Amino acid sequence: MTQTIIDTANHIAAYAAKAARVKVVAAYPITPQTTIVEKIAEFVESGEMDAEYIRVESEHSAMAACVGAEAAGVRTFTATSAHGLALMHEVLHWAAGSRLPIVMAVVNRAMGAPWSIWPDFSDSLSQRDTGWLQFYCADNQEVFDTIIQAYKICEDKRVLLPAMVCSEGLILSHTFMPVKAPEQEEIDDFLPPYDPGWALDVDNPFSHANLVSPEWYMEFRYMIQNAMENAKRLIPEVDREYGRRFGFEHGGLIEKYQCEDADLILVTMGTMGSEAKISVNNLRKEGLKVGLARVRVFRPFPKEEIRKLAENAQMLTAIDRHVSFGMEGFLATEIKASLYSREKSASDPPLVAGFLAGIGGRDVTYRDIELIAKKSWKWMQAGKIEEETVWWNLRE
Amino acid sequence: MVTLKELPKEEYILKGNPACAGCGAAISLRLMFKALGRKVIMIVPACCTTVIQGPYPYTAFKVPLLNIVFEATGAAASGIVAALKKRCIEDVTVVGWAGDGGTVDIGLQALSGAAERETNFIYICYDNEAYGNTGMQRSGATPFGAWTTTTPTGKREHKKDMPMIMAAHGIPYVATVIPSYPLDFINKLRKAKQIKGTKYIHILSPCPTGWRFPGSKTIEIGRLAVQTGIWALYEIENGEFKLSPPSARLLDKSKRKPVELYLKAQGRFRNLTDRDIAEIQQWVDETWEKYKRLQAN
C-alpha cells in the first residue's frame, strides 16, 4: 500500500525525514533549501513528527549539533545548500571521522561570488573528499526513496558513514511532482529503529576522537575507505530490496538506459540524467546508438560500473554541471581515472569527451543534450576529440 | 554548603594524565568531577584538555567525552541534550568544557546560540588568558599588559568580560570561580547542576607554563588574583548579582591588596612599566565600582 503525495522535492525530503522517524533535527535556513526545514518545523509543532528540533544559529552549528545528537545515540537529519554547506565543511570531516551516520539533504545551488540562487553541483562536489556518501537524485520520488535508503545504508555496521542526498535547487526543490510513499509500518519494517555503532554512555566512559598519533591515524583513514567499499556493495542491494518492497528502484550506483548496444554513452548526474532519456529516445529514432548512464552515487564512485560500460562503447561523454577550476568537469576526471588500466592491453579504452552544461542554473534541454551527443558522435567517428572541455552554450 | 571532609574520595581524572605540573585546568577538572559526580557527558573542543584527556587509545577521565571542532562546543552540547531528552535520560549532566579561546573568541557564536535557546547544560570556560595549547598567543581574555607570543611587548587592550556577556543572555546562573578556593568552586558547580537551563561557569585558571611562574605556586597566584581584586568571585542567579565570601569583603578598596603583588609574581608581566601597573590598578578599581553598583541593586 502506498499513498500519493503531490508536492515539491523539498517538502518530500521533509516527509522522508518524518517517515524515517528522525529524532533530532538541527537546521538553519538557506535558499533554496529553506522549505525543507519549514515543513519539518510544521511537522514537529503539530506533533506529527516526534523529534527535537534545534533551531541553530548557523550551519556550522547545525552540523555540530547533529554530531552531538548522533553521538548521543539518536537518528538525526539536517538540510542545507551552497554557502551553508561550505560553512559546515570542517564539521563534515568531523562527522565522517567520528563514523556517525547522519543523513543530510543538500539542495544544490551554485557557489558565490557572484551570488547565485540557481543550481549546479559546485557546493556538494566541493565536499567530495569529506568521507560522506553522495547521492544525486533525478526526481522527487528518488529524493524520498533515497533518504529512506540512505539511513539503512549509512547505519549498517559495515558502513557507519554520513550521507548527502542531493537534488538540484529550483529544478526539483520547488517543483511539484506526484510521489508514492509507502505506509509508515512498511517503512518501519524496512528501516528499523536506529541501533548506534557507538554512543556516549556514562556506564561505558571513553574519550571519543581524541588525539591520534601517526601510529594509528592512517588505519582510521583506511577504515573509512573500507567502509566506502562496503557501501558500494550495499547500495545496489538496498535499492533492489526497496524496489522489491515498494516498486521503485533507481539503478543502485548508476542508472543505465539503453546502454547494452550503445556506441556512445552519455554520462551525467541529477536531473540532466532524466532529461537525457528523451534525447536518447530521439537519437535512437535517427539511428544513432546512444545510451545514457546516470551516476546516482558519486561517493563511493562506481568505477567498476564505468569500466563495464566501457567494454562495448566506443566513446563516453561526460556532461558536468560543475567545473574543477584548472582541470575539467568532475565526472570527466573520474571516468578517465576509472578507465586507466592497471595492465597493458592491446585495445585502447574508449574516448572520453567532457562537456560543461547547466552551470549556475542555465537551462539544459533535451535538445541541448542531443546536440552534445551529435558533436560527440562526430568526434567518435573521426576517432579524435577536437576540444577537451566544451563549455556548452557559452556566450561569445 | 559542602565541607572538605564531605568531598567524595572518588577521583575521575586519573593519575599520569599529560597536564603540565601545577596546571590550573587539571586541578579544576578534579574539582569539577568531584562536584558533579560520574554521570556527566563532556564535550570538549580544541584546547589544553584535548591533551590532558590523554591520547588514543588511552583516556584519563572516567566520564564519556566527545571531542568536537574548536568553535562548536555550544552547538554540539545542544545536540547531546536534545538526544538525551529523546532517550528519556534525565540524570546525566551535559558539560561543555572549553578554554578561553574556544569560549570568548571562536566559540562565542555557538555558545550564545545555545544560551539563547535555553539549552539545559553547564558551560565551563577554563580561562588561562591565552591560546595555551598552541603556545600562548593572545586571546580576547588576555589581560592588559600581558606578554604572549603574539603580543611580545604586552597586550594593549583589556580583557573581554565574558561572564557579564553571558549574564546579558538572561540565563539562570552565571558564576566565577578559581581552583584556589575549592569549596566555593564545588558549591557553585553543585548549585549549577540543580538549575534547569544554561549555566555558565568561568574559571580563572592559573597557567604556570604560560604565565611564567613555578608550578608549585598555582594556588598562591590564584589567591592573589582574588585578594588583589583582579579576579572577583561572584554569582549571578536569576539576574541577581552577589559577591561570594572571599570577594565580598573587598568592596572596601582598602581591603584589596595592590595588583602589583599579583603582577610581579608572574613572568608574563615582567615588562610592565609603572604606568602600565597604574593603568591596571585603575581598571581594577573601576571594575569594583561596577560590582558595588551591581551588589547594591
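Axes are lines fitted to C-alpha atoms, for helices over the stretch in contact. Two packed helices are described by the angle between their axes and the distance between the axes. Keep both in mind for this predicted model.

Start inside chain A. Helix α9 of chain A covers residues 272-285, and helix α12 of chain A covers residues 366-382. The two pack at an angle of about 55 degrees. Their axes lie 8 Å apart. That angle makes α9(A) oblique to α12(A), because angles from 65 to 115 degrees count as roughly perpendicular and those under 35 as roughly parallel. The crossing of α9(A) and α12(A) is right-handed.

Which residues of α9(A) and α12(A) meet? From α9(A) come A:E275, A:A276, A:I278, A:S279, A:N282 and A:L283. From α12(A) come A:Y366, A:I369, A:E370 and A:A373. In this contact of α9(A) with α12(A), six residues are nonpolar, two are polar and two are charged.

Now turn to the two chains together. Chain B brings 39 residues into contact with 37 residues of chain A. On the side of chain B that touches chain A, the elements giving two or more residues are β1 (40-44), α2 (48-52), β2 (65-67), α3 (73-86) and α5 (108-116) of chain B. Which of them gives the most? It is α3(B), with 11 residues. This side of chain B holds 22 nonpolar, nine polar and eight charged residues.

Strands also link the chains. Strand β9 of chain A, residues 207-208, pairs with β2(B) in the parallel sense. The pairing runs over two bridges. Look at A:H208: its bridge partner in β2(B) is B:L66.

Definitions and conventions: Residues are numbered from 1 along each chain as its sequence is written. Chains are lettered from A and ligands numbered from 1 in the order in which they are written. This is a predicted model: local features need pLDDT of at least 70, side-chain atom pairs count only at pLDDT 80 or more; totals for chains, interfaces and linings use all residues. Axes are lines fitted to C-alpha atoms, for helices over the stretch in contact, and angles run from 0 to 180 degrees between N-to-C directions. Helices (H or I, at least four residues) and strands (E, at least two) are DSSP runs, numbered from the N terminus. Angles under 35 degrees count as roughly parallel, over 145 as roughly antiparallel, 65 to 115 as roughly perpendicular and the rest as oblique. A crossing is left-handed if the near helix is turned anticlockwise from the far one by less than a right angle, and right-handed if clockwise. Two residues are in contact if their C-beta atoms, placed from the backbone, lie within 7 Å. Ala, Val, Leu, Ile, Met, Phe, Trp, Tyr, Cys and Pro count as nonpolar, Asp, Glu, Lys and Arg as charged, and the others, Gly among them, as polar. Two strands pair if DSSP finds at least two bridges between them.
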